[in-house]
Amino acid sequence: MTSGILNGFAGTGGGIILYFVLKYLNKPENNKNPDNSNNMKDIMATTISAVIPMSIVSSVIYMTKGKIIYKELLTYLPAALIGGIIGAILLDKLKFKIVKKLFAAMIIYAGIKMILK
């Protein structure tokens, strides 16, 4: 529920919380199935799968309240869709160390951008 609330406030920010919760729950000492512990690509894919419905719900609520600027939406939506497809393909192809560093860089960038605005 917390990730859904954060998603409503900060877009996909709820997914960040969900990622860390899933990562904690999949630590070997917390996981009853040691064969499936620490599969970080699965955790990232699960997080993305949860973010999609949360984002759809948030978007519908924003639409019903008239908070979406459709001209801007049409500007960013194609790039976001293409980026999402490329990211999903690369998740399977890149080493996890690189994915982890890219994820950290995006979180740091987003945090700095939010602080400076």
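Residues are numbered from 1 along each chain as its sequence is written. In this predicted model, local features need pLDDT of at least 70 and side-chain atom pairs count only at pLDDT 80 or more, while totals for chains, interfaces and linings use all residues; side-chain values use heavy atoms, with hydrogens and water left out.

View 1. From the N terminus, the elements run α-α-α-α-α. Helices (H or I, at least four residues) and strands (E, at least two) are DSSP runs, numbered from the N terminus. Of the 117 residues, 18% count as buried (under 20% relative accessible area; exposed is over 50%, partly exposed in between; 1.4 Å probe, protein chains only). The accessible surface comes to about 9,100 Å², and 71% of that belongs to carbon and sulfur atoms. Areas come from the Shrake-Rupley method with a 1.4 Å probe; for residues, only the protein chains shown count as cover. Among contacts (heavy atoms within 4.5 Å) between residues at least 6 apart in sequence, 57% join residues at least 24 apart.

**View 2. Helix α3 (residues 40-64) packs with helix α4 (residues 70-93).** Their axes lie 12 Å apart, at an angle of about 165 degrees. Axes are lines fitted to C-alpha atoms, for helices over the stretch in contact; angles run from 0 to 180 degrees between N-to-C directions. The two helices are therefore roughly antiparallel (over 145 degrees; under 35 is roughly parallel, 65 to 115 roughly perpendicular, the rest oblique). On the α3 side, the contact has K41, M44, A45 and M63; on the α4 side, Y70, L91 and D92. By class, these residues are 5 nonpolar, no polar and 2 charged. Nonpolar covers Ala, Val, Leu, Ile, Met, Phe, Trp, Tyr, Cys and Pro; charged covers Asp, Glu, Lys and Arg; the others, Gly among them, are polar.

**View 3. A45 sits in helix α3.** Is A45 buried or partly exposed? A45 is partly exposed, with a relative accessible area of 32%. A45 and L91 are 46 residues apart in sequence. C-alpha to C-alpha, A45 and L91 are 8.5 Å apart in space.

**View 4. Helix α3 crosses helix α5 (residues 96-116) at roughly 40 degrees.** The axes come within 10 Å. The pair α3 and α5 is therefore oblique. M40, K41 and M44 of α3 meet F96, V99 and F103 of α5. This contact has 5 nonpolar, no polar and 1 charged residues.
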